[in-house]
Amino acid sequence: MGDRRPAVDAGGSVCSAAAPSRTTPRVLGGRARGPPAGVDPVRSLEAARAASRPGLRAAYTPRVVLPPGPSSSALLQTLAWVRRPVRLMRACRAAYGPTFRLRFAGGRDFVFVTRPEHVKEVFTADPGLVLAGRANAAFARFMGPHSLFALDGEAHRRHRRLLVPPFHGERMRAYGPLLVALTRRHLARWPRGRPFSLTAALQALTLDAIFEAVFGVTDARTMARLTGLVARLTSRASALLAFVPFLRLDLGPWSPWGRFVRCRAELDAILFEAIARARRAGGEDILAKLIEESVRRGEPLGDDELRDELLTLLGAGHETTATGLAWTLSRLLAAPAALERARAEVQEVVGQADPSAEHLPRLTFLDAVVQEALRLDPPVPIAVRQLAAPARLAGYDLPADTRLAPCIWLAQRDPEAFPDPDAFRPERFLGARRGPAAAFTWFPFGGGARVCIGMAFALFEMKLILATLLQAARLRPAAAFSGRAERHAIVLTPAGGAPVTLEDA
Ligand code: HEM
């Protein structure tokens with residue numbers, strides 16, 4: 001029997017055409033499928049052996065059965081994903097169920113999975129079968145071929161080994177005073193008594209945090225130049241460049257890609273200067289620690305590799321954190337009881353002292369607020385992997401190269417995992433013990449071998465900034481909170497930039 005659920009058009013609205021049937025599979029290409037070229041036959045054997053084990057594994061089968069999804073053109077689906085991602089995700093979930101397919105420009109099939117057991121299969125699969133680097137190839141154009149995002153296999157493991165230590169435990173604590181001082185500096189510059197965009201203000205703050213804590217750049221002129229370049233590189237036009245390949249043509253300084261390439265060259269020059277300084281003089285910043293770690297391990301990174309990783313940390317780290325903060329504050333400002341409780345907790349635990357790493361374990365409600373905001377409004381809506389070989393997932397037989405997209409946004413709004421899922425209720429995270437299964441219902445930082453490298457830093461930064469703001473400022477919403485999201489490059493931010501007005505506390 002065919003699936004009679006309605007299809008969704010590219011705008012995310014439900015239309016009347018029948019969804020592709022689950023039981024009458026579409027066979028792509030029509031040729032028999034053995035192990036694809038380039039796949040190690042030993043791994044094929046291992047895959048056959050692994051057949052008796054549970055979990056996602058390669059399945060060399062001539063059958064291809066894709067999940068249902070919209071029938072509109074790939075270009076229209078891409079535009080809907082860029083312009084109205086939440087509406088599209090919600091409509092597809094309602095029309096096709098927990099596993100569905102979207103087709104993006106270039107004929108790329110993305111299989112969205114939302115059930116925890118399928119998310120788990122993707123995150124715990126052999127990283128040689130579910131490639132993130134290949135799936136992220138578009139980012140390599142922005143961040144360079146040595147970017148952690150763009151790497152797979154041994155090269156990825158090597159870079160991750162070197163990048164993890166500078167972000168770990170004790171090192172985080174060292175950035176506390178810097179983050180609090182930066183927050184106070186920015187707060188002093190925010191306008192009083194007239195509306196401004198909280199999202200923009202927080203982006204400026206988290207950008208400076210990356211410049212200082214990661215790049216070791218502290219002089220005001222360079223920071224201002226960097227800020228201007230980043231704004232141009234992360235504009236709405238740049239988001240389109242990531243998704244629409246034919247726009248990536250350098251037709252001179254006035255063409256979108258031409259402008260982008262020139263901007264990147266200017267940014268590169270500043271980054272190479274920072275690298276030369278860190279090599280010469282060392283320092284406490286993440287760049288200097290990364291160089292130190294790579295030399296210590298006898299695996300020194302070249303200037304190009306370091307430049308690509310700096311761009312990666314910048315691209316991955318500033319807007320995500322700013323967006324997480326903007327959502328958290330917007331949600332709090334729209335929930336006066338929660339706001340008062342968070343403020344009272346900061347007052348009780350921190351008083352008038354500088355918020356620090358020592359205070360954080362006792363700021364339990366603030367911690368719950370951050371978790372709940374990252375659940376409701378995850379800055380990054382999906383994680384992505386690309387199949388290196390055909391595989392079976394959620395009852396579908398997927399060909400090699402299919403993109404798997406554990407859908408953070410939908411999974412975290414699943415009423416089975418989170419009753420009354422659209423409500424902002426930080427209490428649900430109070431005293432909660434999230435076991436291993438629950439890890440696949442809350443995963444704003446992705447999972448498995450590619451889980452966000454900056455997770456600890458981001459949570460630490462968010463809580464210190466929030467505590468500092470709650471302690472020293474009274475923010476009021478300047479417009480009713482709609483909860484609507486809009487895309488900015490790869491993140492989903494509060495629509496309209498979350499306008500607020502500020503009074504001193
Ligand atoms: C609230 C803030 C943040 C959120 C929501 C976030 C989210 C994510 C997500 C969803 C991924 C993909 C994981 C996957 O594919 O499974 C990721 C990867 C990554 N993130 Fe973050 N991130 C945040 C902050 C940061 C910060 C502060 C940094 C560094 C300064 C950072 C650096 C990275 C890097 C380098 C990767 C790639 C890891 C790899 O491919 O091995 N992120 N992040």
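Trainee: So a nonpolar core is a set of buried Ala, Val, Leu, Ile, Met, Phe, Trp, Tyr and Cys residues joined through C-beta atoms within 7 Å. What counts as buried?

Mentor: Having 20 or more other C-beta atoms within 10 Å of its own, with C-beta atoms placed from the backbone. This is a predicted model, where local features need pLDDT of at least 70, side-chain atom pairs count only at 80 or more, and totals for chains, interfaces and linings use all residues. Residues are numbered from 1 along each chain as its sequence is written.

Trainee: Which residues touch the most others in the largest core?

Mentor: I210, L287, L366 and V369, out of 84 residues. Helix 15 (residues 303-333) gives the most to this core, 12 residues. Helices are DSSP runs of H or I, at least four residues; strands are E, at least two.

Trainee: What is I210 in contact with?

Mentor: Beyond its neighbours within four places in sequence, F215, L313, L314, G317 and H318. Contact means C-beta atoms within 7 Å. Another core, of 54 residues, lies apart and includes F112 and F443.

Trainee: New topic: which residues come nearest the ligand?

Mentor: G317, T320, G446, C452 and G454, from 26 around it, where near means a C-beta atom within 6 Å. Helix 15 and helix 19 (455-472) each give two or more residues to that shell. The largest share, seven, comes from helix 15.

Trainee: And how many bridges join strand 12 to strand 13?

Mentor: Four, and strand 12 (residues 485-488) and strand 13 (residues 491-494) run antiparallel. R487 has L492 in strand 13 as its bridge partner. Two residues sit between the strands of this hairpin, and A489 takes a positive phi near 55°.

Note on methods: Buried ≥ 20, exposed ≤ 12 C-beta atoms within 10 Å, placed from the backbone. Contact = placed C-beta atoms within 7 Å. Pairing = 2+ DSSP bridges.
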